[in-house]
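Thanks for coming, everyone. Let me put the model up on the screen, and then I'll talk through it.

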2 protein chains.
Amino acid sequence: MISMQKKEAYTGFTNKKYKPKETDFVAEFRVEPARGVSFKTSAEAIAGESSVGTWTDVCTSVPRIRKTLAPTVVYSNPKTKTIRIAYPGDLFEEGNIPQLMSSIAGNVFGMKIVNNLRLEDINFPDFYIKSFKGPAFGIPGIRSFTGVEDRPLVGTIIKPKLGLNEKEHAKAAYNAWLGGCDIVKDDENLSSMKFNNFEKRIKQTLKMRNTCEKETGEVKIYMPNVTAPYKEMVRRAKFVREHGGDYMMVDVLTVGWSALQELRNENLGLIIHAHRAGHAAFTRSHRHGISMLLIAKLCRLIGVDQLHIGAIVGKMEGGKREVQFIDQEVEKQLIEASPADHVLKEDWLDLKPVFAVASGGVHPGKIPAMMKYMGNDIIIQAGGGVHGHPNGSIAGAKAMRQAVSATMHGVSLEDFSKANKELAQALKKWKGI
Amino acid sequence: MISMQKKEAYTGFTNKKYKPKETDFVAEFRVEPARGVSFKTSAEAIAGESSVGTWTDVCTSVPRIRKTLAPTVVYSNPKTKTIRIAYPGDLFEEGNIPQLMSSIAGNVFGMKIVNNLRLEDINFPDFYIKSFKGPAFGIPGIRSFTGVEDRPLVGTIIKPKLGLNEKEHAKAAYNAWLGGCDIVKDDENLSSMKFNNFEKRIKQTLKMRNTCEKETGEVKIYMPNVTAPYKEMVRRAKFVREHGGDYMMVDVLTVGWSALQELRNENLGLIIHAHRAGHAAFTRSHRHGISMLLIAKLCRLIGVDQLHIGAIVGKMEGGKREVQFIDQEVEKQLIEASPADHVLKEDWLDLKPVFAVASGGVHPGKIPAMMKYMGNDIIIQAGGGVHGHPNGSIAGAKAMRQAVSATMHGVSLEDFSKANKELAQALKKWKGI
């Protein structure tokens with residue numbers, strides 16, 4: 001079954017002396033060949049299938065194609081199972097992420113010639129990066145909008161995930177803001193439900209936001225989940241804007257690249273919060289699928305302003321080192337290569353940095369570690385960790401802010417909690433968790 | 001790290017005596033709990049995280065939610081690693097696939113409480129199926145459009161995948177049609193390129209189609225790849241229609257659910273061909289991710305008319321039994337449960353059947369097996385298997401049609417090839433492959 005792919009058409013792509021051009025894309029894969037297939041053969045089949053090749057030689061080919069559009073396997077190391085392929089820039093349409101993914105992250109995952117294949121990273125040439133808008137706001141825009149200059153932003157997700165009606169939702173949001181949350185976010189599976197209608201929820205929650213902003217003097221953010229078929233998503237986003245909202249939240253992976261790109265292109269003037277629900281279906285295995293690092297890069301190219309990248313310490317998978325590299329990738333301008341981590345160099349040119357969001361099983365006791373690993377340019381979100389506080393959501397939000405303050409001042413949570421009872425109660429409830 | 005999830009909030013969802021209501025969604029998962037976590041605990045955490053739960057108890061909850069919206073683990077079998085969860089219908093928004101996937105196929109894949117998790121199938125209640133359009137044409141519409149009543153349709157993909165200019169592309173298409181192909185399809189990574197502009201390609205290729213229809217008296221189909229950001233995709237589709245095209249081809253997974261749904265909702269009057277590039281990043285492992293069966297069901301709900309489901313015999317993975325179940329799922333009205341294969345029952349009501357497409361490493365010698373396993377309601381596509389013919393694309397297409405004719409008449413390819421030299425040449429070139 002495998003032999004057919006050892007054909008002329010997939011071969012001859014290796015040239016380790018080739019130096020990628022400035023207009024080339026360079027992709028790094030981790031490859032496990034099928035039984036009886038050499039590492040070189042599988043590497044060249046991947047290069048071919050993701051660009052100009054097929055499983056057999058064809059009469060329709062012309063020599064020009066091999067000369068101008070053929071990919072080159074520039075690095076391959078069977079010990080680390082790593083290959084790098086340089087692709088001529090003309091293989092890709094500018095500003096079209098689905099086309100990029102159909103090429104480099106398309107058929108290759110299903111080829112019998114490999115047992116497992118993981119796409120780790122793509123280094124994008126400048127011309128391609130320039131064909132995208134990047135974030136409209138990003139970290140500087142959000143810092144300026146909130147007036148919060150240096151501390152992490154603190155957010156909550158309304159819990160339970162589903163079931164509250166519009167009024168209960170707005171009330172929970174109000175309490176979280178009042179206690180000190182900067183941000184209140186819908187959950188990823190809350191859109192417009194029979195028990196909680198989108199329009200009603202937005203109106204009531206934004207009304208509570210206005211009240212709370214007056215009472216606290218702080219800027220308060222509500223991130224409504226607009227996830228839906230494209231036109232309905234845009235209609236909901238415009239509804240949010242018309243009712244005084246500043247943000248929209250999108251489940252970027254279940255919505256998909258085509259709609260996400262267009263939503264950004266609409267320039268609605270709303271800050272885009274990107275939730276990554278579903279990513280771990282293909283990012284979790286380190287042997288197969290696509291890295292979260294690459295997904296994060298695509299989100300920066302397209303131009304989301306905030307992106308969930310993992311909390312390191314919470315209920316979700318994602319190792320410390322992996323999350324730190326993703327954090328860097330979305331927030332820095334120049335990325336250095338780290339071969340051992342399958343991270344390629346990147347120059348983000350003038351694309352704004354994306355605000356990293358850490359969420360999932362977070363509570364106040366986790367905050368010092370999160371800030372240590374991820375810095376201050378982070379949005380710390382806790383759902384259960386706010387609304388699960390023994391004294392309720394207001395106390396829960398207070399405890400979160402207290403933990404951030406303590407860490408900003410270099411004081412341990414234990415010491416800080418002596419004069420801050422909400423923090424003390426939170427630490428007690430979630431001790432050892 | 002795992003202990004935190006053994007909390008009250010995720011528990012109490014099991015009730016094996018519960019009989020799912022007519023409005024419930026039933027999902028089947030394959031679960032591998034993390035070390036030290038019981039099967040029951042992990043099952044309930046999955047049920048909670050995909051609906052109303054979180055990792056800790058929250059003060060914002062109200063008893064009403066547990067009563068009306070809680071999921072129920074109705075089946076769990078640690079030996080087969082299988083669980084089934086019934087979800088109340090109100091947890092899902094009608095006509096919103098991204099919301100469905102953010103719930104049932106969202107955060108759950110990343111939970112530390114499981115090492116691997118695969119979503120196998122979802123049985124949709126009638127009210128939900130009725131909220132989708134399904135295919136506008138489907139098998140009956142395509143049979144009627146082509147006038148081909150009972151044999152498989154034969155298609156080719158223009159090869160090389162990338163590199164031909166518009167004129168070469170149109171010429172290769174002409175030859176394939178002339179030889180007997182019903183269908184010519186763009187490759188999945190061909191959109192609008194510097195070396196092959198979308199508009200020019202469409203105009204020239206459709207012109208060749210018109211010529212060839214006159215010459216052969218057969219209906220000839222061109223499937224242009226419109227994969228792009230949403231509005232550009234719609235613009236390209238309209239361009240195709242304005243120039244006399246009947247089809248559009250979309251890479252449904254790299255485009256994503258939100259744009260695909262809206263493209264269907266646009267009712268452009270074009271038949272939709274769905275390519276599944278990228279699926280194997282999350283469908284290939286049988287231990288983690290999402291089954292291709294479910295992806296195929298979502299495509300039928302949304303309403304693509306043709307869908308790649310695997311060739312069984314070609315260069316791409318996908319076992320015989322798996323592909324046969326997918327074939328049934330998209331083409332039949334009533335699906336019987338097959339517990340050993342993780343297939344749930346389904347009643348597709350009046351949603352039209354989707355034409356299954358078999359592609360990837362196909363050549364004439366494979367056709368008898370494909371028709372045996374997949375029946376006559378199948379679109380057999382060969383790229384290299386047509387353009388790789390020793391005597392060129394015309395001969396390649398002839399050989400494909402000869403193989404279909406032979407099989408329709410119950411004659412072996414060897415016998416049929418005695419009077420059909422193109423078939424004989426194809427069998428010789430690809431012998432043993």
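I'll go through the symmetry, the interface, the salt bridges and then the aromatic rings.

Some ground rules. This is a predicted model, where local features need pLDDT of at least 70, side-chain atom pairs count only at pLDDT 80 or more, and totals for chains, interfaces and linings use all residues. Residues are numbered from 1 along each chain as its sequence is written, chains are lettered from A and ligands numbered from 1 in the order in which they are written, and side-chain values use heavy atoms, leaving out hydrogens and water.

Symmetry, then. What rotation superposes chain A on chain B? It is 180°, with 0.0 Å of shift along the axis and an RMSD of 0.0 Å.

Now the interface. Contact here means heavy atoms within 4.5 Å. On that basis, 109 residues of chain A touch 109 residues of chain B. Of the interface residues of chain A, 100% are also interface residues in chain B, so the copies meet through the same surface.

How much area do chain A and chain B bury between them? About 8300 Å², with 55% of it on carbon and sulfur atoms. Buried area is the accessible area, with a 1.4 Å probe, that two parts lose on being put together, summed over both. On the chain A side, the most area is lost by Trp55(A), Arg284(A) and Lys315(A). Together they make up 9% of what that side buries.

On to charges. Side chains of opposite charge can pair when their charged atoms come close. I call it a salt bridge when a side-chain nitrogen of Lys or Arg is within 4 Å of a carboxyl oxygen of Asp or Glu. That rule gives 62 salt bridges over all chains. How many lie across the interface of chain A and chain B? The rule finds 14 there.

Take two of the cross-chain ones. Lys231(B) meets Glu266(A), at 3.0 Å from N to O. Lys194(A) meets Glu94(B), at 3.9 Å from N to O. This second pair runs from the loop between β6 (183–185) and α7 (198–216) of chain A to the loop between β3 (82–87) and α3 (97–104) of chain B. Those elements are DSSP runs, numbered from the N terminus: helices are H or I with at least four residues, strands are E with at least two.

Buried or exposed? For that I use relative accessible area: buried is under 20%, exposed is over 50%, partly exposed is in between, with a 1.4 Å probe and protein chains only. Lys194(A) is exposed, at 61%. Glu94(B) is partly exposed, at 40%.

Within a chain, Glu422(A) bridges to Lys421(A), with the closest N and O atoms 3.9 Å apart. Glu422(A) is buried at 11%, whereas Lys421(A) is exposed at 53%.

In chain B, Glu232(B) pairs with Arg235(B), closest N and O atoms 2.8 Å apart. The two are three residues apart in helix α8 (residues 230–242), so about one helical turn separates them. Glu232(B) is partly exposed at 25%, and so is Arg235(B) at 40%.

Last, the rings. Rings of Phe, Tyr and Trp (its six-membered ring) pair if their centres lie within 6.5 Å; planes under 30 degrees apart are stacked, over 60 edge-to-face, the rest tilted. The structure holds 25 such pairs over all chains. In one, Phe145(A) and Tyr247(A) have centres 6.5 Å apart and planes at 55°, so the pair is tilted. Phe145(A) is in helix α5 (residues 138–146) and Tyr247(A) in strand β8 (residues 247–251), so the pair ties together parts 102 residues apart in sequence. Phe145(A) is partly exposed at 31%; Tyr247(A) is buried at 0%.

In chain B, Tyr128(B) and Phe132(B) pair edge-to-face, at 5.1 Å between centres and 65° between planes. Both are buried.

Note on methods. Least-squares fit on C-alpha atoms with pLDDT ≥ 70 in both.
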